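Here are my notes after going through this one. Have a look at the model first, then see whether you read it the way I do.

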Amino acid sequence: DARASHHGLDADGSGVQDIGGRLVGRMAFEFLSPYTFLGASFDLESDQWRIQPGAGLELGVSRKLRGLSVFAEAGLDTRLDHGTLSDPGWLLTGGLRLRF
């Protein structure tokens with residue numbers, strides 16, 4: 001999983017504020033797929049690394065639309081400051097996922 005993200009509209013920010021990737025371990029059942037992930041990203045504006053471990057649950061919408069699913073996930077969002085991990089915050093995400 002590779003990502004490039006933008007966290008909001010501000011006049012000083014760039015179009016891409018964060019780049020990163022994830023390793024995902026998934027139990028691929030027919031409709032219900034629990035998974036875990038370990039992600040890392042680099043914040044281009046604050047010049048800082050982030051480590052993001054967590055878990056999620058994905059629910060397929062229908063047999064005909066195999067790539068469309070609803071998901072929810074939770075994890076930790078920890079900054080890496082000079083080789084030490086800072087106090088973690090929460091990472092909560094949900095939405096629609098389209099895989100192809």
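1. Salt bridges first: this predicted model holds five of them. One joins the side chains of E73 and R22, at 2.7 Å from N to O. Since E73 sits in strand β5 and R22 in strand β2 (residues 18-26), the pair ties together parts that are 51 residues apart in sequence.

2. Are these two partners buried or exposed? E73 has 6% relative accessibility, so it counts as buried. R22 is buried as well, because its relative accessible area is 12%, and the cut-off for buried is under 20%.

3. E73 also meets R97 in a salt bridge, at 3.8 Å from N to O. Here the link runs between strand β7 (residues 89-98), which holds R97, and strand β5, with the two residues 24 apart. R97 counts as buried, with a relative accessible area of 16%. Through shared partners, salt bridges join R22, R26, E58, E73 and R97 into one network.

4. R50 pairs with D77, with 3.9 Å between the closest N and O atoms. That bridge connects strand β4 (residues 48-60) to strand β5, across 27 residues.

5. Have a look at S41 too, in strand β3 (residues 32-43). S41 is buried, at 3% relative accessibility. Beyond its sequence neighbours within four places, its contacts include D18, W49, R50 and Q52.

6. V70 belongs to strand β5 (residues 68-81) and is partly exposed, at 40% relative accessibility.

Key
Residues numbered from 1 in each chain as written. Predicted model: local features only at pLDDT ≥ 70, side-chain atom pairs only at ≥ 80, totals over all residues. Heavy atoms only, no water. Helix = DSSP H or I, 4+ residues; strand = E, 2+ residues; numbered from the N terminus. Buried < 20%, exposed > 50% of the residue type's maximum accessible area, 1.4 Å probe, protein only. Contact = heavy atoms within 4.5 Å. Salt bridge = Lys/Arg side-chain N within 4 Å of Asp/Glu carboxyl O.
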